[in-house]
Amino acid sequence: MPTDIIGRNPDSVNFPPFETEDLRRNLELFLNRTVIDPITGKNVVLGNYKWGVYAFFDYDGEPIYVGQTNEMLRTRIRRHLTNQRTDAVAMSVLDPFEVHTINVYPLPQYQNVGKGNKEQFQAAKAHLDGLERAIYDDSINRSEFRAILNEKDPPPSTVVLGALPVCFSGCIVSEEVYRIRSHPDFRIARRAYIISRLAQVISERKVQGGLRRTLLTQAKRLQWLADRRFMALGGAFSVETEAGGEEGDVE
């Protein structure tokens, strides 16, 4: 019986396609990673931190999305990348298959803070908002396009941050999947597909300007990829020196 790359029957209906399963498996490895808590010095599971900010990066190391959570990093990140339960994914703002690397910035000092203590919760939320704003601004400054895909800006910061908390980073793409998805033609096709879905959403709804900004950013990213691919293959010179047409050429 033939098996897939991780030894299972590809004809089975009991598991998702390889690339989907690969994403889930590597995401769980990242979230279940044991790290040293910067406050207690004890080993803790990374995904179990309740409060924190996360940032997603694509295959070029380009920052593409920043978010925050006070329910648990595991819960929020999985919701983004493994199902359709967030607006960002459902509306094609964020494509989980574009995410190569994740950075997380936990706030362990608020691990036991809940809504039951209003004063502590508000202080923790203010710190969380400030951290998200700092990571968001840093991501835009690092971006080739001076923009990321968030359809909404984070809330304004009301706190003055000192040094950023410890950042934990991890890749959620296996070498096998990287070889498939990193090919520039695949990435161009995937980007165009996501843009078409986002444009369809916009055409069918009354949307705010943030979603149109995301569409514009995606279009710039697609143009950048297509231009880089074209130039890598010789640019205008490659067109001018083609001898005869190939199958599929339009005459």
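**Basis**

Residues are numbered from 1 along each chain as its sequence is written, and side-chain values use heavy atoms, with hydrogens and water left out. Because the model is predicted, local features need pLDDT of at least 70 and side-chain atom pairs count only at pLDDT 80 or more, while totals for chains, interfaces and linings use all residues.

**Overall fold**

The chain has 8 helices and 6 strands. Helices (H or I, at least four residues) and strands (E, at least two) are DSSP runs, numbered from the N terminus. From that end, the order of elements is α-β-β-β-β-α-α-β-α-β-α-α-α-α.

Of the 251 residues in the chain, 43% are buried. Buried means under 20% relative accessible area, exposed means over 50%, and partly exposed lies in between (1.4 Å probe, protein chains only). Contact means heavy atoms within 4.5 Å. Among contacts between residues at least 6 apart in sequence, 67% join residues at least 24 apart.

Strand β3 covers residues 52-57 and pairs with β4 in the antiparallel sense over 6 bridges. Two strands pair if DSSP finds at least two bridges between them. Val53 stands opposite Gln68 in β4. The two strands form a hairpin with 5 residues between them. In the turn, Gly61 has a positive phi of about 75°.

The search ran on a 1 Å grid over the protein atoms alone. A cavity is a set of points where a 1.4 Å probe fits but cannot get out. A pocket is an open set with protein on both sides within 12 Å along at least five of seven lines. Lining residues have an atom within 4 Å of a point. Grid points are joined across faces, edges and corners, and a volume is the space filled by probe spheres set on the points.

The count comes to 2 cavities of 30 Å³ or more. For the classes below, Ala, Val, Leu, Ile, Met, Phe, Trp, Tyr, Cys and Pro are nonpolar; Asp, Glu, Lys and Arg are charged; the others, Gly among them, are polar.

| Space | Volume | Lining by class |
|---|---|---|
| Largest cavity | about 60 Å³ | 3 nonpolar, no polar, 5 charged residues |
| Second largest cavity | about 30 Å³ | 3 nonpolar, no polar, 6 charged residues |
| Largest pocket | about 480 Å³ | 11 nonpolar, 7 polar, 7 charged residues |

The largest cavity is lined by Tyr59, Phe97, Glu98, Arg181, Phe186, Arg187, Arg190 and Arg191. Helix α6 (residues 184-204) gives the most to this lining, with 4 residues.

The second largest cavity is lined by Asp58, Asp60, Glu62, Phe145, Arg187, Arg191, Arg221, Trp224 and Leu225. Here α6 and α7 (209-232) are the elements that give two or more residues. The largest share, 3 residues, comes from α7.

The largest pocket has 25 lining residues. Tyr65, Asp87, Ala88, Glu151 and Lys152 lie nearest its centre. At least two lining residues each come from β4, α2 (73-82), α3 (87-90), α4 (118-142) and α7. Strand β4 gives the largest share, 4 residues.

**Arg187 and Pro184 in helix α6**

Arg187 is found in helix α6. Its relative accessibility is 8%, so Arg187 counts as buried. Its side chain joins that of Asp60 in a polar contact of 2.7 Å. A polar contact is a pair of N or O atoms within 3.5 Å; within protein, one must be able to donate a hydrogen and the other to accept it, and residues adjacent in sequence count only if both atoms are side-chain atoms. Leaving out residues up to four places away in sequence, Arg187 touches Asp58, Tyr59, Asp60, Arg181, Ser182, Leu225 and Arg228.

Pro184 also lies in α6. Pro184 is partly exposed, with a relative accessible area of 29%. Pro184 and Arg228 are 44 residues apart in sequence, and their C-alpha atoms are 8.9 Å apart in space.
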